[in-house]
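Here are a few notes to read alongside the model. Have it open and follow the points in order.

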Amino acid sequence: MWQWLIFVAVFLIGVRTDLAAQTRPVAIVGGMLIDGTGRPPVEDAVVVFSGGRIQEVGKRAEVTVPRGAQVIDARGKTVLPGLIDGHCHYWEWLGELYLAHGVTTCPDINNSPTEWIIAQKDGNQKGKIRGPRLWISGHALDGPRPQGMPEQRWQRGSIIVRTDEEARQAVRDHVAKGMDGFKVLERVSPEVAKAIADEARKLGKPVIGHSVNMWETIDAGYTSIEHSWAVMFTTIKDPKKRAEVDMNRMVGKVGTVEAHVNMVPDQFDEIIKAMVAKDIHWSPTWATQFRALSPRAAEMKKRELATLKNPGLSYLPSYNLEAVEGYFAGFDKMTPERRAPLEAAYKMVQDFARRYVGAGGKMHSGSDPGTLLPAYGVHVEFELNSDAGLSPLISIQSASLNVAKAWGKDKDFGSVEKGKVADLVIVRGDVMQDISSTQNIEKVFLDGKPIDISYHANYRNPIPRPMSDRYLTNLAQLSPAALAEGAPGQVKLSGVNFRPSHQVLVNGKKVASKFVSGRELEVQVPALAPGTHKISVIDPGVAASESNAIYLVISFK
């Protein structure tokens with residue numbers, strides 16, 4: 001009997017010890033707190049959290065550290081809210097990047113397959129996939145393309161809505177599946193845009209949208225309008241010119257940065273007044289386009305390439321490195337004459353941002369990856385904010401509380417305040433003195449739990465995305481289209497969106513190939529038996545990236 005009593009006593013002591021370990025408060029003490037609300041920083045601050053929620057926040061003299069708490073010394077450091085990417089495109093290989101850069105929440109507006117992003121959110125919540133919290137929008141809503149305009153990469157999988165009822169039904173269907181909000185692209189008609197926004201408001205969900213005419217989307221009542229180019233298009237009053245610039249950008253006659261030379265600053269104040277009156281947020285996504293024009297460009301390039309070449313991130317799709325190198329190379333090679341108008345355009349975007357924030361507008365800072373490394377891009381946006389004269393307080397708010405408010409999640413997320421979820425980041429240095437200090441990530445807490453912020457070369461997502469990330473490769477022609485049996489040969493493969501890292505497959509097996517240009521590959525074909533043989537192209541490391549097939553005929557000798 002006494003042995004049994006001892007066993008029970010030891011068991012209960014063990015249970016109590018485990019419970020104490022689970023509920024032991026954590027106190028971050030002595031750092032400077034920027035809480036994400038826009039309020040001045042708190043020096044020598046204390047943040048106490050337990051059970052995943054913040055219990056107390058304030059100056060050291062005003063907050064009592066609970067007995068038995070785990071104390072983290074943050075002297076000489078800055079405490080921030082967990083960052084929220086203000087323009088997040090989530091792919092399966094992004095989890096570690098986000099956590100390592102202090103981004104604890106990704107509101108995905110990537111036109112992701114709805115069922116896939118639901119599975120990702122569920123996997124992250126259950127701890128089966130290591131990555132940030134996800135707020136999801138699934139497939140984007142869009143309208144029919146104008147005649148003569150090619151399908152853009154972001155339209156793949158879009159739900160095309162043409163009428164008021166189609167739009168409202170699509171919104172209801174999305175919410176029924178568990179979507180947190182909506183991504184709307186720029187080809188919806190004004191009437192359909194209104195229907196989408198109205199139905200979303202009834203269901204308490206945000207509308208995050210592209211726009212080539214912000215007057216229409218302001219009138220519709222979007223929650224947030226994305227990209228600096230939306231402002232550019234809106235300032236062009238002549239509808240014919242606006243349509244011409246739009247088409248030229250879509251077909252690649254002009255780049256996005258170059259298109260900004262059409263901005264008309266005289267229109268800024270009128271647009272801003274209307275946006276602020278309706279509390280419409282704005283995400284400039286200027287890092288992905290304009291960082292090469294920053295005075296910090298050389299340092300940005302050095303840091304970004306160093307991260308991309310980190311051995312722990314060897315699993316990243318190779319197009320990331322190619323895209324970043326190509327982006328900076330394009331600006332490095334520019335003549336002063338070509339660069340000057342782009343710099344002038346960038347200054348106009350900075351001017352709009354200053355006026356918008358000065359008028360009380362809520363700006364978002366986010367990655368918008370493509371030619372920019374995701375997650376890291378949030379910090380680059382902070383630096384561009386600083387270049388434009390915006391304060392660090394504005395920057396932190398732009399990737400925390402502002403985004404949480406847009407998504408209707410600010411009751412629980414977006415700032416370091418009592419009662420909110422304990423998403424926290426500790427960085428080395430004084431962010432108020434140097435905004436680049438946000439990149440010196442030391443500790444990250446997600447739901448009050450410490451997060452591993454290191455990279456692991458064997459990181460894999462168990463549920464890959466069932467479509468390519470950004471670049472859809474299309475094969476058009478093979479020359480010659482036939483070879484004779486029994487001997488190897490060379491053919492030219494033409495199409496679109498070829499890159500140096502692409503691999504050519506013949507009947508599913510890799511063969512030697514040479515990158516010539518974005519529209520041509522040279523392929524070394526091994527000796528094959530007579531027949532019709534499938535040729536395709538894949539992007540290594542990107543699930544579901546295989547191109548359409550083209551066929552090579554092998555005739556008898």
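1. Which residue forms a salt bridge with Glu-165? Arg-172 does, with the closest N and O atoms 2.8 Å apart. (A salt bridge here is a side-chain nitrogen of Lys or Arg within 4 Å of a carboxyl oxygen of Asp or Glu.) Glu-165 is partly exposed at 45% relative accessibility, and Arg-172 is too, at 29%. (Buried means under 20% relative accessible area, exposed over 50%, partly exposed in between, with a 1.4 Å probe and protein chains only.)

2. Before going on: this is a predicted model, where local features need pLDDT of at least 70, side-chain atom pairs count only at pLDDT 80 or more, and totals for chains, interfaces and linings use all residues. Residues are numbered from 1 along each chain as its sequence is written, and side-chain values use heavy atoms, leaving out hydrogens and water.

3. Now look at Glu-199 and Arg-168, whose side chains meet in a salt bridge (2.8 Å, N to O). Glu-199 sits in helix H5 (residues 190–202) and Arg-168 in helix H4 (residues 164–176), so the pair ties together parts 31 residues apart in sequence. (Helices, H or I with at least four residues, and strands, E with at least two, are DSSP runs numbered from the N terminus.) Glu-199 is buried at 7%, and Arg-168 is buried at 15%.

4. Both pairs belong to a network of salt bridges, whose members include Glu-165, Arg-168, Arg-172 and Glu-199. The structure holds 38 salt bridges.

5. Finally, find the open sheet with strand order E18-E20-E24-E23 and antiparallel pairing. (Two strands pair if DSSP finds at least two bridges between them.) E18 (474–479) and E23 (513–517) are at the edges with a single partner strand each, so one side of each has no neighbour in the sheet.
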